[in-house]
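Subject: Handing over a structure

Hello,

I am passing a structure on to you, and you will find it just below. After it come some notes on what turned up when I went through it.

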Amino acid sequence: MQTHSAPPIADTTLPRFIAQDPAQYSPEEHDVWALLYARRMETLAQTASQVFLDGAARIGLRADRVPALADVNRRLAGLTGWSAVGVEGFIPAAQFFRCLASRRFPTTLTVRPRAQLDYLPEPDIFHDVFGHVPLHADTRFAAYLQRFGALAARAQDDAQVTAMARLFWFTVEFGLVQEAGETRVYGSGLISSHADAANALGPACDRRPFDLDAVLATPFEIDRVQPLLYVVEDFAQLFEATALIAARLDRSGSLLAPP
Ligand SMILES: [Fe+2]
């Protein structure tokens, strides 16, 4: 007699994580990483937040090889407790937020093809690990991103999810920061893309001081250069924004400003 065990109940609270096998990357993929790394670092030395530059060194990013997440995570564990975890690709917003709340950053593992060196609509490991993960070595940014995830996971409706997606977009993805009298890039979309960073620091972009409620109310379009971005004074300002959101949620159940 054949018996059937009950199928496992799908765990929808977190995405399915996939293991990275660093030995699987081809010489061509390491070459593409090296080319992207060299081209971006040449400019970022002058245009990126020092927090990014320090973070890239602290997590041990190498110029010549696709990073092994296990090595990066060993270093991050002793710094902030964040880790980068492999996922297949797009994951639902609620799962993404829950990962952030537990200091896990969902990361794609593929390397973009050489033919799409400068533009790729979906994230790859260069965007996710080179662009995002160095900031996770900074205790202030690490605290912000974890708090962001915990608050975003409490969003009750589409309007609140949209507002938190805007906060993510204008800080984590496309944020600018004032450092040593200059505007520097820290958002991953700017760190990982020469064209987007050049636009963000150039004359065509309207750079405004970070204001939480302005950010929550500003729509954005992906797949185009950004006409408007926000500049924080420092990363403490980001954490203060989450404190304000938390107070609103506790008071009214909504993270949006009271009407
Ligand atoms: Fe990103």
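A definition to begin with: a residue is called buried if 20 or more other C-beta atoms lie within 10 Å of its own, exposed if 12 or fewer do, and partly exposed in between. Alanine 68 has 16 C-beta neighbours inside 10 Å, so this residue counts as partly exposed. Please keep in mind that the model is predicted.

Alanine 68 sits in the loop that links α2 (50-58) to α3 (69-79). Leaving aside residues up to four places away in sequence, alanine 68 touches Gln20 and Pro22. Glutamate 233 is 165 residues away from alanine 68 along the chain, and 33 Å separate their C-alpha atoms.

Now for the chain as a whole. The protein chain contains 11 helices and six strands, and its C-alpha atoms fill a box of roughly 65 × 45 × 35 Å along the principal axes. Its radius of gyration is 19 Å, which agrees with the value near 18 Å that a compact globule of 259 residues would have. Of these residues, 41% count as buried. Among contacts with a separation of 6 or more, 65% join residues 24 or more positions apart.

Four strands form an open sheet with mixed pairing, in the order β4-β3-β6-β5. The edges are taken by β4 (182-185) and β5 (206-209); each has a single partner strand, so one side of each lacks a neighbour in the sheet. From one strand to the next, the twist averages 40°. Inside the sheet, β3 (residues 176-179) and β6 (residues 228-232) pair in the parallel sense over two bridges, and leucine 176 stands opposite valine 231 in β6. Helix α9 (residues 194-201) lies across β3, β4 and β6, and runs at about 160° to β4.

What about the nonpolar residues? In soluble globular proteins, nonpolar side chains tend to be buried together. Here the largest nonpolar core has 68 residues, of which Phe148, Leu167 and Val185 touch the most other members. Beyond residues up to four places away in sequence, valine 185 touches a list of residues that includes Thr47, Leu176, Leu190 and Ala197.

Leu167 is also one of the buried residues of helix α7 (residues 158-173), along with others including Met164, Phe168 and Trp169. The buried residues of α7 pack against α6 (139-152), α8 (188-191), α10 (212-216), β6 and α11 (235-252).

Definitions and conventions: Residues are numbered from 1 along each chain as its sequence is written. This is a predicted model: local features need pLDDT of at least 70, side-chain atom pairs count only at pLDDT 80 or more; totals for chains, interfaces and linings use all residues. Two strands pair if DSSP finds at least two bridges between them. Axes are lines fitted to C-alpha atoms, for helices over the stretch in contact, and angles run from 0 to 180 degrees between N-to-C directions. Two residues are in contact if their C-beta atoms, placed from the backbone, lie within 7 Å. The radius of gyration is taken over C-alpha atoms; the globule rule is 2.2 Å times the number of residues to the power 0.38. A nonpolar core is a set of buried Ala, Val, Leu, Ile, Met, Phe, Trp, Tyr and Cys residues joined through C-beta atoms within 7 Å.
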